[in-house]
Amino acid sequence: MARVPSSAVAAAGLVGGYAVARWTKKRPLGGVVLGAAGLAAGREWHRRGGTPAAAGLGALYVAGFAGAHPLAKKVGAWPAVLGAAAVVATASWVVADRG
């Protein structure tokens with residue numbers, strides 16, 4: 001079975017969580033998607049990089065989620081979410097998926 005990169009899981013969690021919340025109009029359901037993907041990515045971050053990597057990337061994941069909210073007021077919701085997902089995915093790839 002092929003392994004899905006943690007960077008893809010994290011990006012999908014941020015984008016998917018927002019999409020589910022927006023299209024279903026149920027923010028808690030979007031939070032479930034965001035949380036499930038964050039936990040799945042976090043397990044892989046821990047496995048590949050240990051506790052420091054998992055803690056740092058987990059903090060970045062949460063910061064990306066939180067930071068997209070005020071950024072959305074300036075650039076729009078989708079650009080903010082996609083930008084946050086790109087930053088988190090890039091950091092995840094560098095720390096846990098590369099090599």
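A: Of the 99 residues in the chain, 33% are buried, where buried means under 20% relative accessible area, exposed means over 50% and partly exposed lies in between (1.4 Å probe, protein chains only). The model is predicted, so local features need pLDDT of at least 70 and side-chain atom pairs count only at pLDDT 80 or more, while totals for chains, interfaces and linings use all residues. Residues are numbered from 1 along each chain as its sequence is written, and side-chain values use heavy atoms, with hydrogens and water left out.

The chain has 3 helices and 0 strands, in the order α-α-α from the N terminus on. Helices (H or I, at least four residues) and strands (E, at least two) are DSSP runs, numbered from the N terminus.

The largest nonpolar core has 14 residues. Such a core is a set of buried Ala, Val, Leu, Ile, Met, Phe, Trp, Tyr and Cys residues joined through side-chain atoms within 4.5 Å. Ala10, Leu14, Trp45, Tyr61 and Val88 have the most contacts inside this core. Two or more residues each come from helix 1 (6-24), helix 2 (27-75) and helix 3 (77-97); helix 2 gives the most, with 7 residues.

Alanine 10 can be followed in detail. Not counting residues up to four places away in sequence, Ala10 touches Ala41, Trp45, Tyr61 and Val88; contact means heavy atoms within 4.5 Å.

Serine 7 also lies in helix 1. Serine 7 counts as buried because its relative accessibility is 10%. Its contacts, leaving aside neighbours within four places in sequence, are Ala89, Ser92, Trp93 and Asp97.

For the chain as a whole, 70% of the contacts between residues at least 6 apart in sequence join residues at least 24 apart. The radius of gyration, taken over C-alpha atoms, is 13 Å, which agrees with the value near 13 Å for a compact globule of 99 residues; the globule rule is 2.2 Å times the number of residues to the power 0.38. The C-alpha atoms fill a box of roughly 35 × 25 × 20 Å along the principal axes.

An unreviewed UniProt entry annotates residues 53-71 and 77-96 as "transmembrane region"; such annotations may be inferred rather than shown by experiment. Residues 53-71 are 100% helix and 0% strand, with end C-alpha atoms 26 Å apart. Residues 77-96 are likewise 100% helix and 0% strand, and their end C-alpha atoms lie 28 Å apart.
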